[in-house]
Amino acid sequence: MSCTFQRLVARSDFHHGLSLLLLSGPSLLLRALSSSPKISRSLKESYRLLQLAEEGASSPAQVKEAYLRLAKLYHPDSGAATADAVLFARVQEAYHAVLAHQSQTKKHDGAKEMEDEDKSKGMAPQHRHYLSYEGVGLGTPSQRERQYRQFRVDRAAEQVLDYRQREHERAAAAEGALVKRDMRQRSRKIKITQAVERLVEDLIQESMARGDFRNLSGAGKPLSKFQHNPYADPTTHNLNRILIDNGYQPSWIVTQRDIREVTARIRNRLLEGRTRLGDPMTPTEQRQWEQLCGSVGEELVKLNKKVDDFNLIVPMLSMQMVHFSLSRERDRAERGARQHRHDQERERGRREEESKASQTPKDTKRGLVSWMQNLLR
């Protein structure tokens, strides 16, 4: 009897526990589903649309990269052949859904980590809390980690300040060395200038003693003051005038004169050669003209090099010259030859007219004398 009663009591307890489990089943089921790592079908579709791995295995950077890649393909303003506004809207919704899921997963993992830290706080021995982070900080491991990061930031800032201070000191020392070197160079230049001035003065005195300055034009006469430009230095002008009066010329003037002489010689040579040839030219004369132009072309190459040297030393930019071209010189020679022939023809015609005009009075006088003779007869 007692045994049967115990069985009935146990069975009644079992049914009561089963009823309690069924009553509390929905809340436990929801808690299990909320804590489970599984995701919904729509979220899986979002991961698939973004071409990412499911179960939240992708980082935020990978999610953003996938979104940008698809946006370049399907954005209506991208100009691509695959642009689709509807598909781009789906991609954008999937991107926001995946970001929201990753943020929730991160919060869940952070809460779980805090719970694990709280559990391990009482389990780990106290002396093990100070075996890392260089003994810096108090509290839980996460708090000590944040304190240790701040400690490293402060230490790095101090190291940067020390490095900058050392660099400033080194730069100041180098600047002092540069100042000393500049002072030495300046004193050396002054000494060299003074030595050159003394040497020039000695040479002038020796030349005066030998009588080298006795043959100068205007010797013993006062220098006329420079009155043309009051803004110019009279001393510099007088020195330049003395040099010019005694045959000195700057190098760019000499080069300019040489260029003009060579140019005139080349043009005269082309003009004379073209004038001797006929118009139109025969094949033999054409070959002679080509040979002449070839030799002149070689001279023009040398002349253009001299023009380059002149452009480098000329004091004013407006005085620079352009290169001489063989084609332009040939055209110039041909025009000159035609003009020369035309002038010769005009001169020849003028002479013929003058000769005819001089012969006309003689013929008239001779005819009058013969008429008088015939009349007297």
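What you're looking at is a predicted model, where local features need pLDDT of at least 70, side-chain atom pairs count only at pLDDT 80 or more, and totals for chains, interfaces and linings use all residues. Residues are numbered from 1 along each chain as its sequence is written, and side-chain values use heavy atoms, with hydrogens and water left out.

**The chain as a whole**

- The protein chain has 10 helices and zero strands, where helices (H or I, at least four residues) and strands (E, at least two) are DSSP runs, numbered from the N terminus.
- Of its 377 residues, 16% count as buried, meaning under 20% relative accessible area, while exposed is over 50% and partly exposed lies in between (1.4 Å probe, protein chains only).
- Take the contacts (heavy atoms within 4.5 Å) with a separation of 6 or more: residues 24 or more positions apart account for 48% of them.

- The mean pLDDT (the predictor's confidence in each residue, from 0 to 100) is 77 for the protein chain, and 75% of its residues reach 70 or more.
- Over residues 1-37 the pLDDT is below 50, and this stretch has three contacts in the model beyond near neighbours in sequence.
- Residues 124-130 also have pLDDT below 50, with six contacts beyond near neighbours in sequence.

**Helices H8 and H9**

- The axes of H8 (residues 251-276) and H9 (residues 283-313) come within 10 Å and cross at roughly 165°; axes here are lines fitted to C-alpha atoms, for helices over the stretch in contact, and angles run from 0 to 180 degrees between N-to-C directions.
- That angle makes H8 roughly antiparallel to H9, since angles over 145 degrees count that way, under 35 as roughly parallel, 65 to 115 as roughly perpendicular and the rest as oblique.
- Where the two helices meet, the contact residues divide into 13 nonpolar, six polar and five charged; Ala, Val, Leu, Ile, Met, Phe, Trp, Tyr, Cys and Pro count as nonpolar, Asp, Glu, Lys and Arg as charged, and the others, Gly among them, as polar.
- For background, most peptide bonds are trans.

**A look at Ala 53**

- You'll find Ala 53 in the loop between helix H3 (41-49) and helix H4 (60-74).
- Ala 53 counts as partly exposed because its relative accessibility is 43%.
- Leaving out residues up to four places away in sequence, Ala 53 touches Tyr 47 and Ser 58.
- Ala 53 and Val 63 are 10 residues apart in sequence and 10.0 Å apart in space, C-alpha to C-alpha.
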